[in-house]
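I opened a new structure today and kept notes as I went. Here is what I looked up, entry by entry.

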Amino acid sequence: MYTIGINFMLTTSLLIFFIGLSGLTVTRKNILVTLMAIELMLLAANLNFVAFSLYLDDLSGQIFVLFILTISATESVVGLALITAYFRLKGSIVFERIK
Amino acid sequence: MYTLIILLPLISACFAGLFGKTLGFKGSSIFSTICLSIVLLISCIVFYEVSVNNCCVYIKLTSWVDSGALNINWGFLFDSLTITMCFIISFISFLVHLYSTEYMSHDPHLPRFMSYLSLFTFFMLILVTADNFVQMFVGWEGVGLCSFLLINFWYTRIQANKAAIKAMIINRIGDFGLVIGILLIFVNYKTLDYATVFALTPLLKEKTTNFLNLNLNLLTVIGIFLFIGVIGKSAQLGLHTWLPDAMEGPTPVSALIHAATMVTAGVFLLGRCSPIYEFTEDLLKYVVFLGSITCFFAATVGLLQNDLKKVIAYSTCSQLGYMVFVCGLSHYEVGVFHLANHAFFKALLFLGAGSVIHAILDEQDMRKMGGLKNLLPFTYSTMVIGSLALIGFPFLTGFYSKDLILEVAFSKYDCSGYLSYSFGTISAFLTTFYSTRLLFLAFLSNTNGYKPVIENACDSSYQISTVLGILAVPSIFIGFFFKDMLVGWGSCFWGNAIYNSPETANVVDSEFIPGFYKLLPIVFSLFVLICSFYLYTYSSKFLFKLKISSLGKKIYNFLNKKWFFDKIYNEYIGQFFFHFSFSVSYKIVDRGIIEILGPTGLSHFIKKISLGLHKIQTRYMYHYLFVMLAGVSFFLSIRQFWSVLGETFDYRIAFIFFLQFFFLFLSHGKKN
């Protein structure tokens, strides 16, 4: 059976997390990209939880993942709603204008 | 009865000062004069009891400071030195009170004046009757305060204000020395009682003390600092400038403070501390030197002053020089004897001068007087008696003490003895000359005054004449009567009050000095007296020519301007301190360092920082995000690297960084 080491998983999730982080800081135009970057960071955290849950043979990690998925879904819903509302008001969603 | 001597002047001061309005002018002056007359009466009785019957009295009223090793009592010690001073003070003070009732009768603040005079007497009595150094210091400061109040009595005059401040400050310099001396005594003896200190002194003869990192003999250091106090209070050279300026006060004040009592406190202190000074031979030489220089200096300056009171003030200074140098020659009893004699005739001179000034509408310039002999015959005769006593005319009071001083100076047979003898003798000639000049210019010469003034001049009435008459008697006789008792060979008058070490006693030697040197001062003084009388009467043109010759002008200027002491003090020391206090302590320290580090700088700094922090908030979302990221990573890395950093990081460095930031921000702010 082909197994993946815990280190590989952790490095991967860290990389994904940093990609999300850099997307968050570097993006200046598109607010949708920001939301996506936040989603990416949450997913990286989820991946980490899953990896540790398997490694430590502990179920609570996976329960946490379910909770985080729920919360991230609601959060992106609220975020998108806010963006929609904002777009109605201002007619654009360029990030730089949001102060 | 003994404490009544001290309490009565205080009561008088309180009543005249607090209830002056109720008591009225007459009431307050009569009340205080009666109080002082009772004091005089008591002190006569006490004088008989303490010094004639030889029984010292010690009264402990109550404990004052009681903390650990420091025990200070309100105690009163009446021995022969104290009671001699007490008698002089109460006698002069009573007469001055009596004199002031008429002299100041038209002054709107007469009760206040009486109150100050009584308060002064109270403090002076505290000074002389104290049994420890701290209580003595109470009196010492108190008389300084009262002299401030009295010099400044006519407080609307700027000159009086300045003179009073000067007197206070210059006295304070001396007091500073005295305080250090007292502290040194306490540190080394662990007590401040006279009795204990003087009993312990021989034990500490060899002890050294560390002062300013120098190991010096303890007694010498104490002696030096006590002597600085003496210099200030007794107006010795260096700190003498306040005394002539203090003539701005009313004339009775000058008589009381600057002739008879306050300035004698220094000589009293020398006599009182004789057990300490007897073990400091080197210091005594310096005391002799300073005393004789003062004596000479003041006599030369007195020669060419034109203010009636200033001449007498300088003669006081000169006579104090005699007293101090004879104390330096270890003849404290002779010093106190001269002090006693001087008190009477100098008070007479001052009060006589007051009478003259009163008669001619407060004119003090001698050049505008003259010809008062026939107008003020009584004042003239008393002034002649006073002046002759001051000169040391044979068989008057001054003769007995001054001649004795010069004799014991000559019989010292060392450098300091000869120095003081020669200075003392020259000063005796000069004294003769300026006394004659004073009498001549004021009384004998043709009049220079204005006609309306001269027409109205007449002798003062009852109180002033009575006082002058009473003072003339001791000025003639007291030296003769008390010489054998006070300084006579084998007299046990002083008992333990004054200590003379066997090595320095040369009473016998003074009887065997060559007749020439014994007679020199007196014969030459008489010669100068006749000469100056002749010069002023018959050849005043010669004197005038002498004065306007080129060398004469320079000498006249030099002496008339008091050796330029005031000029030097004002221009170099005074200006320096004014400059220092403005540009260094005010501008650099107060407004500079303290303000930059303190209120202004700190608030600016905080403001700057908060503005900077405010600017970080750009309202761009991605900037916030970046700061968040940076912050998180910073804290994470600190957490990780703490084990390494914690070893080397020092909190104190943070302070330096803080200061650096501080100045960085400030300098940055200035450019903006």
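**Salt bridges**

I began with charged pairs and counted nine salt bridges over all chains. The model is a predicted one, so I treat each value as computed. I picked one pair to follow up. B:Glu141 forms a salt bridge with B:Arg172. Their closest N and O atoms are 2.7 Å apart. Next I looked up where the two partners sit. B:Glu141 belongs to helix α5 (residues 133-151) of chain B, and B:Arg172 to helix α6 (residues 158-189) of chain B. The pair therefore ties together parts that are 31 residues apart in sequence.

**Two packed helices**

I then turned to a helix pair in chain B. Helix α17 (residues 397-410) of chain B packs against helix α20 (residues 462-486) of chain B. Their axes are 5 Å apart, and the angle is about 50 degrees. An angle between 35 and 65 degrees counts as oblique, so α17(B) and α20(B) are oblique to each other.

Which residues of α17(B) meet α20(B)? I noted B:Thr397, B:Tyr400 and B:Leu404. On the α20(B) side, the residues include B:Pro474, B:Ile476, B:Phe477, B:Phe480 and B:Lys483. I sorted the residues of this contact by kind: seven are nonpolar, three polar and one charged.

**A nonpolar patch**

On the surface I found a nonpolar patch in chain B. B:Leu4, B:Leu7, B:Ile11, B:Phe15, B:Leu18, B:Phe19 and B:Leu23 form it. Together they have about 600 Å² of accessible area. Where does the largest share of the patch come from? Helix α1 (residues 2-18) of chain B supplies it, with five residues. B:Phe15 is found in that helix, α1 of chain B.

**Positive phi**

I checked backbone angles next. Most residues other than glycine have a negative phi. I wrote down two residues with a positive value. Phi of B:Lys190 is near 65 degrees. B:Lys190 is found in the loop between α6 and α7 (194-200) of chain B. B:Leu212, not a glycine either, has a phi of about 50 degrees. Its place is the loop between β3 (208-211) and β4 (214-217) of chain B.

**Around B:Leu535**

My last entry is on B:Leu535, in helix α21 (residues 515-538) of chain B. I set aside its neighbours within four places in sequence. B:Leu535 is then in contact with B:Ser540, B:Phe542 and B:Leu543. I also looked up its separation from B:Arg437, 98 residues apart along the chain. The two C-alpha atoms are separated by 9.9 Å.

Key:
Residues are numbered from 1 along each chain as its sequence is written. Chains are lettered from A and ligands numbered from 1 in the order in which they are written. This is a predicted model: local features need pLDDT of at least 70, side-chain atom pairs count only at pLDDT 80 or more; totals for chains, interfaces and linings use all residues. Side-chain values use heavy atoms; hydrogens and water are left out. Axes are lines fitted to C-alpha atoms, for helices over the stretch in contact, and angles run from 0 to 180 degrees between N-to-C directions. Helices (H or I, at least four residues) and strands (E, at least two) are DSSP runs, numbered from the N terminus. Angles under 35 degrees count as roughly parallel, over 145 as roughly antiparallel, 65 to 115 as roughly perpendicular and the rest as oblique. Contact means heavy atoms within 4.5 Å. Ala, Val, Leu, Ile, Met, Phe, Trp, Tyr, Cys and Pro count as nonpolar, Asp, Glu, Lys and Arg as charged, and the others, Gly among them, as polar. Patches are made of residues with over 30% relative accessible area and no salt bridge: like charges are joined within 9 Å, nonpolar side chains (Val, Leu, Ile, Met, Phe, Trp, Tyr) within 5 Å. Accessible areas come from the Shrake-Rupley method with a 1.4 Å probe; for residues, only the protein chains shown count as cover. A salt bridge is a side-chain nitrogen of Lys or Arg within 4 Å of a carboxyl oxygen of Asp or Glu.
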